[in-house]
Amino acid sequence: MPQTGSTETHPKAGASQPSTQPAIVLHNLVKFFGRFAALRDVSDSFAPGRLYVIVGDNGAGKSTLLRVVAGLMEPSQGSVTLLGAATVREVAHRVGYMGHAPLLYDELSGMENLRYFGGLYGLHDDSTCRNAMQMVGLDPELSRRVGQYSQGMRQRLSLARAVLHDPELMLLDEPFSNVDVHSAREMAAVLGRVRDHGKTIFVVTHQAPLMEAVADEFVHMSAGQIARREPMARITSGSSGAAENPR
Amino acid sequence: MKPLNLLFVVITLGLLGFSTYQALFVAPTEQTMGEVQRIFYYHVPSAWVAGLCFFVNFLASVAYLVKRSSNADALAAASAEVGVVFCTIVLITGPIWGRPVWGIWWTWDARLTTTLVLWLIYVSYLILRRFASGSQTQTLAAVLAIFGFVDVPIVYMSIRWFRTQHPSPVIAGGANSGLDPIMLHAFFWNLLAFTCVGIILVMARYRLQKMENQVEAEHAELALQGGVR
Amino acid sequence: MSAFGVTRATLLKDLRMEWRSKDAINSMLFFSLLVVVIFSFAFNPTAEESRQIAGGLIWVSFLFAAVVALNQTWARELRNQVLDAYRVSPAPPNALFLAKALGNFLFVMILEALMAPLFVVFYQLRSVGPVWQLVVVALLGTWALVVNGTFFAAMSIRTRSREIMLPLILFPISIPALLAMVDSTTGILTGEFSPDFWIKMLLVYDVVFTSVCLLLFESVLNAE
């Protein structure tokens, strides 16, 4: 498949080694809202097993990019290759998405929400849901309806829902909004641990400092394009050099 | 205007003139209904053109859903609008015909009622096009067009059955039963002329839509390059 | 999970949520009652005439009650943008559609079961033809309204003025089904003619439009 604009420092091995296949490849992505170009010809490639933090001003196109990658929005032009597949549908069970909005049912309890969404992914046992809730610091026994949760709790449950099915690729849009600093740092640490297990994570956030300790790379977006990519020097295990793409 | 198109327009105007002459002067006066029956030469061809337009709309909508081509959508929009216009003509000429002949403006006869339902379906289509926002408009409109067109035979069958159960005077009924050959002659000329007029209108509207799409595309290109909003 | 499993899980979830909030149900039940009463004031026939017009009255009132129910079909999925969570999951879109359509169907049937006895009482209705045929017509007719209604409700959420868009695009296309429902009900109540053709036609309508809905729902769900 054609890759424009990026130089991988490690060679693309044959299909026998899935871990060298990029997690996401963007091919000339363009997205219009009327006459406003939210994404302007974005092409890039992202290696797996890393935690990417996407930052930029409002209107830079961060959330739009995430939605297009998640398959929620069709690009006006161009395409996305996700985990080697041409459509998101094919790999839906390996992708987790967390949006701006909570993506939860207010009238159900935390466990009920997770049980339902878990069911959509073919998960039927309660223990997975319990573990997910505990991982984000929520009590599985809580029978309170989500509508009565605090903002921070709702945010954490939304994260639990996104990672419930243990996806390889996680797309998280503003996971720390309305979360207190202490919990946010805990969540960031959790994400780092998840990345250490070999998952690929994309986080869009306005609170870059929170992620500095765990991020592999900061992706700076501006005016609908990826302005620059800033790999972070980290003491990690196993990952070879990240793609350097100054513009 | 391109010379071929201009030629076509001129020919159509000539055809229209000829067919009108046929309808108003050459064709004999009908025995029972008198001069007002001449509306038939406008009423039925209009219905035919409307049906043709809606069929084109259906095909264009399917093409859009399959290929996501803006041109297909433009054709769908154009044919729906022209179809509604001709449908309106049918609905107006029907009562004009019916009132002097049967003394009533509207009789819920099978053909007129079907036309009314068709008119409602495609007007709702046009309203949907107006009210949908952004790029979804085309997909939603194409989907509704398919629903509408699939409904057409069902509408016709159900109203026909309703009318056999509960009969009432038929407005266009007399025309099909044994038409005088000269009348048939005039009828076909009008059918041809109206179809040509329909084609011209649809193509004009289609070209207009394409131009609008082009303007949008060029604005988009600018936005893409310069980052200008 | 299989498509059937997803449909079942979604339907149960919706029922559970509906049961918990109850305000939607209550207001709709009351609205249905109001419709019956108002129609009864507006059209006040004798027992003999009532059989002739009851078919029309009943179905128009069911239609208005159904539209109120249909309009809020997707409301819950739009709050908190929860629909996105479904869309990114591997669950098939048609399973969602069927769950919503079945939920609406159940709900509208409940409304009808409430309104019909009221009509019988207010109009002193007695059916000449067999009542089971009325039930068949009600089942087929309600599905005809609900299947397209659920689909068009999904379309109208992507438009401005979404509350008016739904009836606006639903009514014209539903005309043949309405005609069938009204005339067959009249035929059964008066015993003057057989509703067989209409019942067959409703069946055809249901099959055709259920197929079209299932075919096209994914395009509408993902139109963004």
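Helices, of at least four residues, and strands, of at least two, are here DSSP runs numbered from the N terminus. The structure is a predicted model.

**Exercise 1. Determine how many helices and strands make up chain B, and describe the chain as a whole.**

Solution. Counting the runs in chain B gives seven helices and zero strands, and reading along the sequence gives the pattern α-α-α-α-α-α-α. The C-alpha trace of chain B spans about 70 × 45 × 25 Å along its principal axes. Turning to burial, 40% of the 229 residues in chain B are buried. Among the contacts in chain B with a separation of 6 or more, residues 24 or more positions apart account for 80%.

**Exercise 2. Describe how helix α1 (residues 3–26) of chain B packs against helix α7 (residues 181–226) of chain B.**

Solution. Two packed helices are described by the angle between their axes and the distance between the axes. For α1(B) and α7(B) the angle is about 150° and the axes are 8 Å apart. The angle is therefore one that makes α1(B) roughly antiparallel to α7(B), given that angles over 145 degrees are classed in this way. The next step is the handedness, and α1(B) passes α7(B) in a left-handed crossing. The residues that meet include Phe8(B), Leu15(B) and Phe18(B) in α1(B), and Trp189(B), Cys196(B) and Ile200(B) in α7(B). Sorted by class, the contact of α1(B) with α7(B) has 15 nonpolar, four polar and no charged residues.

**Exercise 3. Work out which residues and elements of chain B and of chain A face chain C.**

Solution. Begin with chain B, where 27 residues are in contact with 26 residues of chain C. The elements giving two or more residues to this side of chain B are α4 (110–131) and α5 (136–165), and the largest share, 17 residues, comes from α5(B). By class, this side of chain B divides into 19 nonpolar, seven polar and one charged.

Continue with chain A, where the contact takes 25 residues from chain A and 20 residues from chain C. Here the elements giving two or more residues to the side of chain A are β5 (95–98) and α2 (110–120), and α2(A) gives the most, with four residues. The side of chain A that touches chain C has 16 nonpolar, five polar and four charged residues.

Terms used
Residues numbered from 1 in each chain as written. Chains lettered and ligands numbered in written order. Predicted model: local features only at pLDDT ≥ 70, side-chain atom pairs only at ≥ 80, totals over all residues. Contact = placed C-beta atoms within 7 Å. Nonpolar A, V, L, I, M, F, W, Y, C, P; charged D, E, K, R; others polar. Buried ≥ 20, exposed ≤ 12 C-beta atoms within 10 Å, placed from the backbone. Axes fitted to C-alpha atoms, helices over the stretch in contact; angles between N-to-C directions. Parallel < 35°, antiparallel > 145°, perpendicular 65-115°, else oblique. Left-handed = near helix turned anticlockwise from the far one by under 90°.
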